[in-house]
Amino acid sequence: GLAQMILQDGDYAAAAALLQENDALGERTEIASRLPDSAPGRQAAVQAVASASFLMAQAGDGRWNLKADLFPGSGIKSVEGFAADSRSGTVLSDRKVGLVVRYDRDKQKQGQWDIPGAGALAVDRLDRIWVAGDEGLIMIRNGVVETVADLGTFATPRAMAADTLGSIWVLDRKGVRIGRLRPGSTRMEAVWQGEDRLTALAWDGRRMLALDGRGRRVVEIREGNQVRTVAAGLFDKPVALASDLLGRIAVLDERAKKVWLLGADGRKLAGYNLGAGGPSRPGALLMYPSGGFGLTGSSGPTVYRFR
């Protein structure tokens, strides 16, 4: 099946995600042939193979060691916005300097733009960069800068995320309101308001997730100003959140000095210690499409990568 082919190609994470989400693995693939025929045992074995496959990828060939990468010539002094593009390139912004810089996966600079107040940012599925600046919500497409919408009461947002439908979501500075810009619109609409002090947003391929730092949990944003807890009871001081389109969730725990990796159901898959090689004050977090995590420190254009 598809999971087996992906596994043979070495993408254990994708294979694991497919196996975990498949409740009826019927084909007698090389993996399936080892599984018991009874339904309960079979499903448990599928989950076990999925988890084992994923963890094999984490442990193998040294890709998941922490390494500090300095991005040369960026002019960035303090990272405010942090995002990855579809080719696992890195986009950084500095609000005080008013700068957005884009690098490819080999740390070669691909573009640099002077944008006053450049803060939170996101990269959508078309690899357009969206950034919150003093003039509003700005889109960078093919190197061209365009102001798309007035942020209004969502000015200087705390976080931003792009979904696969083309909408841009922003979290206000206080963390109590979420706005959304739909494709083709120039007006930001309010979609959520609550008492939880949210600190980060992440799109996992089918839903918008947020980090409730005070409640030490990951939540799903729902209609009617509601949230649903996805993961809780695992974190000491969660400060950053990331996800990928396979539904995996990563949470940066500042107090524990660790990045937790969770399944789409909130179940813990693994934990990665920052150790002495990590930043003294970790900041933002992302998951690269090609695999691995990236996180920033409190100053400078250094990105610390688990890969």
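Two strands pair if DSSP finds at least two bridges between them. With that in hand, here are some exercises on this predicted model.

**Exercise 1.** Find the order of the strands in the open sheet of four, and name its edge strands.

*Solution.* Start with the order, which reads β6-β7-β8-β9 with antiparallel pairing. Next, look for strands that pair on one side only: these are β6 (121-123) and β9 (144-149), the edges. Now zoom in on one pairing: three bridges join β6 to β7 (residues 129-133). In one of these strands, β7, Ile-129 is the bridge partner of Val-123. Finally, neighbouring strands of the sheet are turned by 25° against each other on average, direction ignored.

**Exercise 2.** Classify the aromatic pairs found in a search of the whole structure.

*Solution.* The search gives two pairs. Let's take them in turn.

- Phe-71 and Tyr-103 have a centre-to-centre distance of 4.8 Å and 65° between the planes. Planes over 60 degrees apart count as edge-to-face, so this pair is edge-to-face. Phe-71 sits in the loop between β1 (66-70) and β2 (81-84), while Tyr-103 belongs to strand β4 (residues 99-103), 32 residues apart. Phe-71 is buried, at 1% relative accessible area, and Tyr-103 is buried too, at 0%.
- Tyr-272 and Phe-293 have ring centres 5.7 Å apart and planes at 55°, so this pair is tilted. Tyr-272 lies in strand β21 (residues 268-273) and Phe-293 in strand β23 (residues 293-296). Both Tyr-272 and Phe-293 are buried.

**Exercise 3.** Find the residue that lies over the face of Trp-169.

*Solution.* Look at Arg-180: it lies over that face, at 5.0 Å from the ring centre.

Methods. Residues numbered from 1 in each chain as written. Predicted model: local features only at pLDDT ≥ 70, side-chain atom pairs only at ≥ 80, totals over all residues. Heavy atoms only, no water. Helix = DSSP H or I, 4+ residues; strand = E, 2+ residues; numbered from the N terminus. Axes fitted to C-alpha atoms, helices over the stretch in contact; angles between N-to-C directions. Phe/Tyr/Trp six-rings, centres within 6.5 Å; stacked < 30°, edge-to-face > 60°. Buried < 20%, exposed > 50% of the residue type's maximum accessible area, 1.4 Å probe, protein only. Lys NZ or Arg CZ within 6 Å of the ring centre and 35° of its normal.
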